[in-house]
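Reader: I would like to go through this model with you, one topic at a time. Shall we begin once it is on the screen?

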Amino acid sequence: MSTDGFEASDEKTLNVTLNGLYIEDEEAKAGNSNQAKIIRSCNYRDLEKKREDYLEWPEYFMAVAFLSAMRSKDPCTQVGACIIDTNNRIVGVGYNGMPIGCSDEILPWGKTSSKPLETKYMYVCHAEMNAIMNKNSADLKGCTLYVALFPCNECAKLIIQAGIKLVVYMSDKHKNKPSTEASKLMFNMAGVKYQQFVPKKSKIVIDFEEIDWNMSV
Ligand SMILES: Nc1ccn([C@H]2C[C@H](O)[C@@H](COP(=O)(O)O)O2)c(=O)n1
Ligand SMILES: [Zn+2]
């Protein structure tokens with residue numbers, strides 16, 4: 001029998017299961033043979049590699065926030081945010097960008113100018129604001145917000161008013177700014193907890209070519 005290029009030898013039988021192909025022999029039964037282990041994984045990938053790639057919930061949600069940030073046209077700072085409910089469902093995603101209908105080709109992306117109207121700060125919607133506005137749930141009460149940068153004071157107001165109860169952030173690079181101090185003061189008064197995310201992986205790679213489309217049944 002030939003299945004996905006595997007030939008059953010005389011004395012062995014290929015068994016096709018939901019976990020992929022495996023060769024029924026004493027070694028395979030013991031799970032010791034490398035071939036059996038590799039074949040048993042769905043995508044014929046080494047099981048160890050699969051385990052390394054597995055994302056825990058916090059990594060997954062922060063990765064969604066970072067992926068969302070890749071949509072931002074801010075040339076200096078791309079920020080993403082992801083809101084999840086108490087059932088680990090994603091209920092809002094956003095990135096920093098100009099308001100709907102306001103051209104990001106015309107409005108300024110500059111940071112420094114003697115004229116405030118010539119900087120992005122007067123116009124850009126922050127990632128947290130967009131994630132809240134993009135919500136696909138009736139409300140955000142008790143939710144958790146994952147965000148690349150610590151929220152500014154304006155976003156802190158929105159987070160509190162939306163009923164979000166936990167902020168998980170990656171970078172506190174603006175920690176000495178008054179806006180960050182104001183955010184923390186309001187979070188503390190309102191009972192919104194905030195904690196820094198410490199990644200276990202230095203990077204997460206999305207490789208579109210990695211999916212083995214020749215997966216067994
Ligand atoms: N928590 C944050 C912090 C910043 N942003 C966005 C807003 C601007 O587009 C940009 C400002 O950062 P800078 O270039 O001054 O470092 O980052 C955000 O969306 N959320
Ligand atoms: Zn903000």
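Reader: Is Cys 152 buried or exposed?
Author: In this predicted model, Cys 152 is buried, because its relative accessible area is 16% and buried means under 20%, exposed over 50% and partly exposed in between, with a 1.4 Å probe and protein chains only.

Reader: And Cys 155, buried or exposed?
Author: Cys 155 is buried, with a relative accessible area of 3%.

Reader: What conventions apply to the model?
Author: Residues are numbered from 1 along each chain as its sequence is written, while chains are lettered from A and ligands numbered from 1 in the order in which they are written. The model is predicted, local features need pLDDT of at least 70, side-chain atom pairs count only at pLDDT 80 or more, totals for chains, interfaces and linings use all residues, and side-chain values use heavy atoms, with hydrogens and water left out.

Reader: Which residues does Ser 179 touch?
Author: Leaving aside residues up to four places away in sequence, Ser 179 touches Cys 152 and Asn 153, where contact means heavy atoms within 4.5 Å. Ser 179 is in helix H7 and counts as partly exposed, at 21% relative accessibility. Helices (H or I, at least four residues) and strands (E, at least two) are DSSP runs, numbered from the N terminus.

Reader: How far apart are Ser 179 and Cys 155?
Author: They are 24 residues apart in sequence and 9.8 Å apart in space, C-alpha to C-alpha.

Reader: At what angle do H6 and H7 pack?
Author: Helix H6 (residues 153-162) and helix H7 (residues 178-190) pack at about 20°, with their axes 8 Å apart. H6 is therefore roughly parallel to H7, as angles under 35 degrees count as roughly parallel, over 145 as roughly antiparallel, 65 to 115 as roughly perpendicular and the rest as oblique. Axes are lines fitted to C-alpha atoms, for helices over the stretch in contact, and angles run from 0 to 180 degrees between N-to-C directions.

Reader: Which residues of H6 meet H7?
Author: Asn 153, Ala 156, Lys 157, Ile 159 and Ile 160 do, and their partners in H7 include Ser 179 and Phe 187.
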